[in-house]
Amino acid sequence: MNLNQIDEMTHFAIMRTSEGSHGARRAVEGLARKWPNVTGLQFVFIMVSAASAIEDVFTESAQDIKSRDQAMRIAAVLAVDLFALQQRGNFAPTGRDLLAYWEEDDDFFLSS
């Protein structure tokens, strides 16, 4: 993953996260679909980066604070899914692996 891709993915996550109460969930699902070969840990990094950018760039309106907090919480939930996959022996799950896991075992990211 190069800096241009990180910037593109972070911008994508910021835009999706800003789309309402389930925006951060949709951001993670969208990241997995758009970049299926990127690892889930990189998605965690992108969501934390998006939260940081929201905090640094946007105003401190109630919506901005909510979007920032939502991005951080969703990054933590994503980390839980990555841990579950690690317990199954997949130590570097990709977006494709996450989508399969969500479809089979936990539709949290697909139900928004």
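Colleague: In this predicted model, is F108 buried, partly exposed or exposed?

Modeller: The category follows from relative accessible area, where buried means under 20% and exposed over 50%. F108 has a relative accessibility of 28%. Because that value falls between the two cut-offs, F108 counts as partly exposed.

Colleague: Which residue lies over the face of F108?

Modeller: A charge sits over a ring if, among other conditions, NZ of Lys or CZ of Arg is within 6 Å of the ring centre. At 4.2 Å from the ring centre of F108, the residue over its face is R25.

Colleague: What is the geometry of the ring pair F12 and W35?

Modeller: The model has 3 aromatic pairs. In the pair of F12 and W35, the ring centres are 5.6 Å apart and the planes meet at 85°. Planes over 60 degrees apart count as edge-to-face, so the pair of F12 and W35 is edge-to-face.

Colleague: How many residues apart are F12 and W35?

Modeller: F12 belongs to helix 1, whereas W35 is in the loop between helix 2 (23-34) and helix 3 (40-57). Both F12 and W35 are buried. Their pair links distant parts of the chain, and the separation is 23 residues.

Colleague: What is the geometry of the ring pair F108 and F109?

Modeller: F109 is buried, with a relative accessible area of 0%. Ring pairs link F108 and F109 with W102 into a cluster. The ring centres of F108 and F109 are 5.1 Å apart and their planes stand at 85°, so this pair is edge-to-face.

Colleague: Against which helices do the buried residues of helix 1 pack?

Modeller: The buried residues of helix 1 include I6, M9, T10, A13 and T17. An α-helix has 3.6 residues a turn, so residues three or four places apart point the same way. The buried residues of helix 1 pack against helix 2, helix 3 and helix 4 (62-87).

Colleague: Which backbone oxygen lies 2.8 Å from a polar atom of the T10 side chain?

Modeller: T10 is placed in helix 1 (residues 3-17) and counts as buried at 11% relative accessibility. Beyond four places away in sequence, T10 touches I46, S49 and A50. The backbone oxygen at 2.8 Å from the polar side-chain atom of T10 is that of I6.

How values were computed. Residues numbered from 1 in each chain as written. Predicted model: local features only at pLDDT ≥ 70, side-chain atom pairs only at ≥ 80, totals over all residues. Heavy atoms only, no water. Helix = DSSP H or I, 4+ residues; strand = E, 2+ residues; numbered from the N terminus. Buried < 20%, exposed > 50% of the residue type's maximum accessible area, 1.4 Å probe, protein only. Contact = heavy atoms within 4.5 Å. Polar contact = N/O pair within 3.5 Å; in protein donor to acceptor, adjacent residues only side chain to side chain. Phe/Tyr/Trp six-rings, centres within 6.5 Å; stacked < 30°, edge-to-face > 60°. Lys NZ or Arg CZ within 6 Å of the ring centre and 35° of its normal.
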